[in-house]
Amino acid sequence: MQTVVIIVHLMIVAVMIGAVLLQKSEGGGLGMGGGAGFMSSRGTANLLTRTTAILAVGFFITSLFLSWYAGYDRKPSSIIGTGAPAQTQPAGGTPMNAPTSGGILDSLKKADEQQGQQAPSGPQAPRSQ
């Protein structure tokens, strides 16, 4: 289904580009005059204008459909867990519970304090992280 809509979308785009390029230039914005070509009557201009408008509507409809279809069956995902942290059991057999107070910052502070208790034997060079 998506492939069919993409093919129709690309055909609309190709025809719309052609319709826009066939239209008469008014105002000479780039210094090019409209000139008298084989399609210079007002009836042709109205036909090309209407054709361009219809193709633009088709382009918007197929674009909206493709964006809706791309997100139709997508399930939300998160890199952060949505539920409570799972309880794990260490080798001792008693379950480890998640910390009830604080959070990751408190855990990091405790880890820094434990590392600080181990005194270095002498001067050391700074370590990069």
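Thr52 has its place in helix α2, where helices (H or I, at least four residues) and strands (E, at least two) are DSSP runs numbered from the N terminus. Thr52 is buried, with a relative accessible area of 15%; buried here means under 20% relative accessible area, exposed over 50%, and partly exposed in between, with a 1.4 Å probe and protein chains only. Leaving aside residues up to four places away in sequence, Thr52 touches Met16, Ala19, Val20 and Gln23, a contact being heavy atoms within 4.5 Å.

The structure is a predicted model, in which local features need pLDDT of at least 70, side-chain atom pairs count only at pLDDT 80 or more, and totals for chains, interfaces and linings use all residues. Residues are numbered from 1 along each chain as its sequence is written, and side-chain values use heavy atoms, with hydrogens and water left out.

The predictor's confidence in each residue is given as pLDDT, from 0 to 100. For the protein the mean pLDDT is 76, and 65% of its residues reach 70 or more. Among the elements, helix α1 (residues 2–22) has the highest mean pLDDT, at 94, while helix α3 (residues 104–117) has the lowest, at 79. Where pLDDT is low, the predicted coordinates should not be read in detail.

The secondary structure comes to three helices and zero strands, and along the sequence the pattern reads α-α-α. Of the 129 residues of the protein, 9% count as buried. Contacts between residues 24 or more positions apart make up 70% of those with a separation of 6 or more.

A second residue of helix α2 (residues 42–70) is Thr62, which counts as buried because its relative accessibility is 10%. With residues up to four places away in sequence not counted, Thr62 touches Val5, His9 and Ile12.

Met11 is found in helix α1 and counts as exposed, at 52% relative accessibility. Ile17 also has its place in helix α1, and at 48% relative accessibility Ile17 counts as partly exposed. The table gives the C-alpha to C-alpha distance for each pair.

| Pair | Separation in sequence | C-alpha to C-alpha distance |
|---|---|---|
| Met11 and Leu55 | 44 residues | 9.9 Å |
| Ile17 and Thr52 | 35 residues | 8.8 Å |

The UniProt record, an unreviewed entry, places the feature "transmembrane region" at residues 6–22 and 47–70; UniProt positions are given in the numbering used here, feature names are shortened, and annotations may be inferred rather than shown by experiment. In the model, residues 6–22 are 100% helix and 0% strand, with their end C-alpha atoms 24 Å apart. Residues 47–70 are likewise 100% helix and 0% strand, and the end C-alpha atoms of this span lie 34 Å apart.

At the surface, Met1, Trp68, Tyr69 and Tyr72 form a nonpolar patch with about 520 Å² of accessible area together. Patches are made of residues with over 30% relative accessible area and no salt bridge, like charges being joined within 9 Å and nonpolar side chains (Val, Leu, Ile, Met, Phe, Trp, Tyr) within 5 Å; a salt bridge is a side-chain nitrogen of Lys or Arg within 4 Å of a carboxyl oxygen of Asp or Glu. Tyr72 is in the loop between α2 and α3 and counts as exposed, at 58% relative accessibility. The accessible surface of the protein comes to about 11,400 Å², of which 61% belongs to carbon and sulfur atoms; such areas come from the Shrake-Rupley method with a 1.4 Å probe, and for residues only the protein chains shown count as cover.
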